[in-house]
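Please look over the sequence and the structure shown below before reading on.

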Amino acid sequence: GTRVTGIRQATEDDNFGDFEGFQSGVEKQGPAKPSRAAPSTSSGASQIQEEKNQFDASFQDTMPTPQTIEQFRDKIKILAEKLPNTTTKRFDSVKKIDFVKSFERNLMKKGSRLFNQASKSSMLGAKRSLELITMLASSHSNLPILWNKIVTCARDELVRALLLLQEARSLPSEDKREVKSKLIVFVSGLGEYVRVVRSIVATIADLLTLDPQAELTAEKIKSSWSSFSPLDGALSVEDCWQKVLKVSHKLGLEVGSVNLETVPEIRARSSGPDAVRCQLTLQKVAQDSGSTKSRVDWQGKPFMACAANLWANKISETVP
């Protein structure tokens, strides 16, 4: 297979060298170790599908009833007790995240134990939350640890990139013109870090059953967002990204082509049944082959190209 490539070239060349590997690498995504034969993708894919079928089998009755929301809540309560501390620990205190309280606050009518009539959107939110908490309590129990690694990596890379862009402002005009096209590709590569982090934030919002339009803010991070561990770093990523865009504008870089979805847009695109989920972000992979959100298979597991790319080049050559 071809090694997952791209992000390294887009962030580590202090001389603003050849970053075109990022653009071309999207179409060549694959397992991270070309020297080691990857296991057959069929066994891994069939196992994932089997687990999904088993989960879906318990929700054959899609018609909401007065008790359905309560039943979801009760199942989440049982599963929440099985979650590892790395998932339930708040970053600002020793208290644990109360997933049941979040569920009740966001999906159950205030002053009443449950909806008299559960809306379709509430039922979809309940199913999505239960799906996520089931995975985090079993097959994906280490995922919050990986999320922290990804967010920390993205933050550090953006901080370094911001320094490089600020240094570029002091270059002579002629030198700026020579590196301008490469800087645009450079900033586009940085945007992929933000894309992966926002995808993780979107999954946390789904897990906490937040309003579909909820945005991560400093004012809400400790209340509705429950101080979930990776979110503090995610705020820093967003802050750095805005500074990168500001410096890019001052450098005259046309970076409007960096098409990044907001957290609500990611959640809206990823909602619905039968979605193939990225095994790092747990968000839906895109069907179009030319996108950094498109699917790549790494040792039988599906990933978004940008997530696999970041992990393989910046964190580990071992499939997560």
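## Aromatic pairs

How many aromatic pairs does the structure hold? There are three of them, where rings of Phe, Tyr and Trp (its six-membered ring) pair if their centres lie within 6.5 Å, and where planes under 30 degrees apart count as stacked, over 60 as edge-to-face and the rest as tilted. The ring centres of Trp 147 and Phe 228 are 6.4 Å apart and their planes stand at 50 degrees, so this pair is tilted. Trp 147 lies in helix 8 (residues 143-168), whereas Phe 228 is in the loop between helix 9 (173-207) and helix 10 (231-250), so that the pair links distant parts of the chain, 81 residues apart.

Trp 147 and Phe 228 are both buried, a word that means under 20% relative accessible area, with exposed being over 50% and partly exposed in between (1.4 Å probe, protein chains only). Together with Phe 99, Trp 147 and Phe 228 form one aromatic cluster.

## The model and its confidence

This is a predicted model, in which local features need pLDDT of at least 70, side-chain atom pairs count only at pLDDT 80 or more, and totals for chains, interfaces and linings use all residues. Residues are numbered from 1 along each chain as its sequence is written, and side-chain values use heavy atoms, with hydrogens and water left out.

The pLDDT, which is the predictor's confidence in each residue from 0 to 100, averages 79 over the chain, and 74% of the residues score at least 70. Over residues 51-67 the pLDDT is below 50, and this stretch has 19 contacts in the model beyond near neighbours in sequence, a contact being heavy atoms within 4.5 Å.

## Helices and their packing

The chain has twelve helices and two strands, which are DSSP runs numbered from the N terminus (helices are H or I, at least four residues; strands are E, at least two). Helix 7 (residues 120-136) and helix 9 pack at an angle of about 110 degrees with their axes 8 Å apart, the axes being lines fitted to C-alpha atoms, for helices over the stretch in contact, and the angles running from 0 to 180 degrees between N-to-C directions. Helix 7 and helix 9 are therefore roughly perpendicular to each other, since angles of 65 to 115 degrees count as such, under 35 as roughly parallel, over 145 as roughly antiparallel and the rest as oblique.

## Cysteines

The count of disulfides comes to zero, a disulfide being a pair of cysteine sulfur atoms within 2.5 Å. For Cys 306, the nearest cysteine sulfur is that of Cys 278, 7.2 Å away.
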